[in-house]
Amino acid sequence: MTLDAYRCENGHVTYPGHTRCPDCGEPQTDTVDLSEETGEVVTWTTSTATPPGVREPNHLAIVEFEVSESHSDGSSDSSAGVDGETVRALGQLTTADGVEIGDEVEPVYVEELREPGAGIREPESQEWDGYRFEPV
């Protein structure tokens, strides 16, 4: 499984992806896998009022990743002009113990981000796995 951010031909990167780039309106045609990258906590919070099936307390963070110019197929394109481009992702923290703004975290795969089926009419229509951010 990958943690994909999406890039348009002008080098703008978003997470999650969109049909059209929010910055320039071009289609997002490339992906950037963030699952092996290290990001920086921009901010975080703890929710104690969670929907059915979501852990409580639920620690959430906005994490910023620096994106290289390499593409999802392993190629690189220096014409993209995206040196220093960053993308932010919202996700769960594995723990909030000792986490501070500016700390480094890495994505870790989990089979269930929430209890499958709790509060969902058609649980088979959803994917329950994904990534949490773990302090490095």
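Is Y109 buried, exposed or partly exposed? At 39% relative accessibility, Y109 comes out as partly exposed (buried is under 20% relative accessible area, exposed over 50%, partly exposed in between, with a 1.4 Å probe and protein chains only).

A quick word on what you're looking at: this is a predicted model, where local features need pLDDT of at least 70, side-chain atom pairs count only at pLDDT 80 or more, and totals for chains, interfaces and linings use all residues. Residues are numbered from 1 along each chain as its sequence is written, and side-chain values use heavy atoms, leaving out hydrogens and water.

Now for the rings. Searching the whole structure turns up two aromatic pairs (rings of Phe, Tyr and Trp, the last by its six-membered ring, with centres within 6.5 Å; planes under 30 degrees apart are stacked, over 60 edge-to-face, the rest tilted). F65 and F133 make a tilted pair, 6.1 Å centre to centre with 50° between the planes. F65 sits in strand β5 (residues 58–66) and F133 in strand β8 (residues 130–135), so this pair ties together parts 68 residues apart in sequence. Strands here are DSSP runs (E, at least two residues), numbered from the N terminus. F65 is buried at 0% relative accessible area, and F133 is buried at 3%.

Y109 pairs edge-to-face with Y131, at 5.9 Å centre to centre and 75° between the planes. Y131 counts as buried, at 14% relative accessibility.

Back to L34: not counting residues up to four places away in sequence, L34 touches L3, A5, F65, V87 and P107 (contact means heavy atoms within 4.5 Å).

Conventions:
Helices (H or I, at least four residues) and strands (E, at least two) are DSSP runs, numbered from the N terminus.
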